[in-house]
Amino acid sequence: MATEGDVDGKTSNRFERKKPADLTLEHWITSWEKQQIQFHLDEVHEMLKKHLNVMLNGRKQIRIFFPLCGKALDMKWLADQGHTIVGVEISEIAIKQFFTEQNLSYSQEPVPGMPGADLFKSSDGRISLFKSNIFDFSSLIAGQFDGIWDRGSLQPLNSSDRQHYSKLMITLMAKGCRYLLDTLVCTKDDFTGLPPKIPESEIRDLFGHTCNIQLLESSHTLSGKQKYWGLESFIEEVHLITLKTDSS
């Protein structure tokens, strides 16, 4: 697995140089098989820690959804605080690594009505991860959620899939749901790798008809990895998305 030190001098990051059109389900499955998972963070995401209170909004023990969850440490961190976690991930390897690395015992069983899908559930019931294509998932499978932490899941989707994705996320939002959308914005116009640009206007096109959208933070995030690609500016943004019906 490449590190920032690797890309500083010798090894390019194959994941981020992929074009969005190349990012099929097979690509993600292969990435986990080969452990080409430079997108994975070995710590709890700083933006989640910083804005968690905005998501919670004074509530305790809420249900939080993780789209394209991988093996994010954020899930265990939130479960340890008493929240219930539900995630969806296409790679069985990622899910099993999560439970193994977090020293959690779990059960595995098929999901009724979802051919080929499996549910992996921690023994304490706090964490449920569905091995499935995100577009096969729905509120009929696991209900709706009080919070959503979306770290980079919208970003690598093909443009043609983003509308489908946003509609799915909206159907998963319970009354009072607070959805934190974390995206990276590359400001280099001719950069063809990841992450592709998602301008503010597109986020509003995707969610604005049904939801209120508030930019919570926009901060410069430039690592050695991104400098290696020839980038001089790299911005991380966090938006709060809430249903308009909650404020009517």
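User: Is Phe-98 buried or exposed?

Analyst: In this predicted model, Phe-98 is buried, with a relative accessible area of 0%.

User: And Phe-99, buried or exposed?

Analyst: Phe-99 counts as buried, at 1% relative accessibility.

User: What sort of ring pair do Phe-98 and Phe-99 make?

Analyst: The pair is edge-to-face, because the planes lie at 75° and the cut-off for that class is over 60 degrees. The ring centres are 5.2 Å apart.

User: How many aromatic pairs are there?

Analyst: The count comes to 7 aromatic pairs. One of them is stacked: Phe-65 and Phe-137, at 5.4 Å centre to centre with 10° between the planes.

User: Where do Phe-65 and Phe-137 lie?

Analyst: Phe-65 belongs to strand β1, whereas Phe-137 is in the loop between β5 and α6 (139-142). The pair therefore ties together parts that are 72 residues apart in sequence. Both residues are buried.

User: Which residues are in the ring cluster with Phe-65?

Analyst: Ring pairs link Phe-65 with Phe-130, Phe-137 and Phe-145 in a cluster.

User: Turning to the largest nonpolar core, which residues touch the most other members?

Analyst: They are Phe-65, Phe-137, Met-169, Tyr-179 and Phe-207, in a core of 32 residues. Elements that each supply at least two residues to this core include β2 (84-89), α7 (159-171), β7 (173-186) and β9 (234-243).

User: What does Met-169 contact, sequence neighbours aside?

Analyst: Leaving aside neighbours within four places in sequence, Met-169 is in contact with Phe-65, Pro-67, Ile-134, Ile-148, Tyr-179 and Phe-207.

User: Which residues does the second core include?

Analyst: The second core is separate and has 24 residues, among them Leu-52, Leu-56, Ile-85 and Ile-127.

User: How many residues of β2 are buried?

Analyst: In β2, 5 of the 6 residues are buried, so the strand is largely enclosed by the rest of the structure.

User: Which strands does β2 pair with, and in which sense, parallel or antiparallel?

Analyst: Strand β1 (residues 63-66) runs parallel to β2 and is joined to it by 4 bridges. Strand β5 (residues 127-131) also pairs with β2 in the parallel sense, over 5 bridges. Phe-66 stands opposite Gly-87 in β2, and Glu-89 stands opposite Lys-131 in β5.

User: New topic: which residues of α2 are buried?

Analyst: In helix α2 (residues 25-33), the buried residues are His-27, Trp-28, Ser-31 and Trp-32. They cover an arc of only 130° around the axis, which puts them on the same side of α2.

User: What do the buried residues of α2 pack against?

Analyst: They pack against β2 and α5 (92-101). The face of α2 turned away from the buried side carries the exposed residues Glu-26 and Glu-33.

User: Last one: where is Gln-155, and is Gln-155 buried or exposed?

Analyst: Gln-155 is found in the loop between β6 and α7. The residue is buried, with a relative accessible area of 4%. The C-alpha atoms of Gln-155 and Ile-198 are separated by 7.0 Å, although the two residues are 43 residues apart along the chain.

Definitions and conventions:
Residues numbered from 1 in each chain as written. Predicted model: local features only at pLDDT ≥ 70, side-chain atom pairs only at ≥ 80, totals over all residues. Heavy atoms only, no water. Core = buried A, V, L, I, M, F, W, Y, C linked by side-chain atoms within 4.5 Å. Buried < 20%, exposed > 50% of the residue type's maximum accessible area, 1.4 Å probe, protein only. Contact = heavy atoms within 4.5 Å. Arc of directions from axis to C-beta. Pairing = 2+ DSSP bridges. Phe/Tyr/Trp six-rings, centres within 6.5 Å; stacked < 30°, edge-to-face > 60°.
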